[in-house]
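Please view the sequence and the structure together while reading.

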Amino acid sequence: MADNDGLRERVAAAVDRVGTRRHVAGAIGLDETKLSKALAGRRRFTTGELAAIAGFTGVPLVWLERGSPDGDAPVTAVPAASVRETVAPDPDGARKRILDAAWTLIATAGYHRVRVADVAARAGTSSAAVHYWFPGRDALLGEALRHNVELAFERQSAALATVADPHERLVTLLDLQMPTGPVLEPEWSIWMQVWVEAVVDADRRELYAQAQDRWFRTVLLTLRDGVAAGVFRADLDPELRARQLTGLVDGLGVGVMTGASPAPAMRAALHDFIQHAILRTDAP
């Protein structure tokens, strides 16, 4: 994807209309320095970054990339300064319906089997409307991953809001990652498909890394809180254990999703790790 002054101006306008650049970078899991360098023309925006920015700021990805909703006009046709006027709001929730439809279809049918026409039919709209918000399947997959991350984050925030004890928080956090049920099974399906795409697609790899880092840091902060509270081992290395624990969740989750291992065995293995590698051995 070729970066140019117009693209950077549109990204800056979209970002600045919803908050500070630090806020937007943090919200989409992008290092603020990378955002600043890309806006200054010292690095290229990846497709995943543009998809995340479009999703968070509420503007069509095609507008960021090409400068007009239909992509036919030159980039100067929609001045960055007038982004509020040129990008219409989404009062009927069309974008969300399209994203929900894409999320469900990718999770249940597989990324490479989903056509834009399928998404449009499920969302009750047209293919043209899908292309207005998402130029193609790559953008849809990127947004589906971001949607996954937001679903998980919102679910975690709600479940952990009243849990003060670090041990209980950690157990709850891991239970929220079990690949069972009507929400988590589709989430895991998308995660696993993104892993495969990330092996061969650098843009997808960066998007996945940003999402994975958010999950890792949630575990890391919980472990640090537990050490500070005297609940976890005093000599515990929070970063090492967070790497091990998130790796266990990923590996065991694949086993559950592929039928190689039952979900209770995954839960038992995670609880055993907490008991023997994280909790204080002299705890009452």
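**Salt bridges in the model**

Arg115 and Asp118 are joined by a salt bridge, with 2.9 Å between the closest N and O atoms; the term denotes a side-chain nitrogen of Lys or Arg within 4 Å of a carboxyl oxygen of Asp or Glu. Arg115 is exposed, at 52% relative accessible area, whereas Asp118 is partly exposed, at 24%. Here buried stands for under 20% relative accessible area, exposed for over 50%, and partly exposed for values in between (1.4 Å probe, protein chains only).

The model is predicted: local features need pLDDT of at least 70, side-chain atom pairs count only at pLDDT 80 or more, and totals for chains, interfaces and linings use all residues. Residues are numbered from 1 along each chain as its sequence is written, and side-chain values use heavy atoms, with hydrogens and water left out.

The structure contains six salt bridges in total. Another of them links the side chains of Lys96 and Asp100, at 2.7 Å from N to O. Both residues belong to helix α7 (residues 94-109), where they stand four residues apart, about one turn of the helix. Helices (H or I, at least four residues) are DSSP runs, numbered from the N terminus. Lys96 is exposed, with 52% relative accessible area, while Asp100 is partly exposed, with 27%.

Arg243 pairs with Glu239 in a salt bridge whose closest N and O atoms are 4.0 Å apart. About one helical turn separates Arg243 and Glu239, because they are four residues apart in helix α14 (residues 238-257). Arg243 is partly exposed at 47% relative accessibility, and Glu239 is partly exposed at 42%.

Notes. Helix = DSSP H or I, 4+ residues; strand = E, 2+ residues; numbered from the N terminus.
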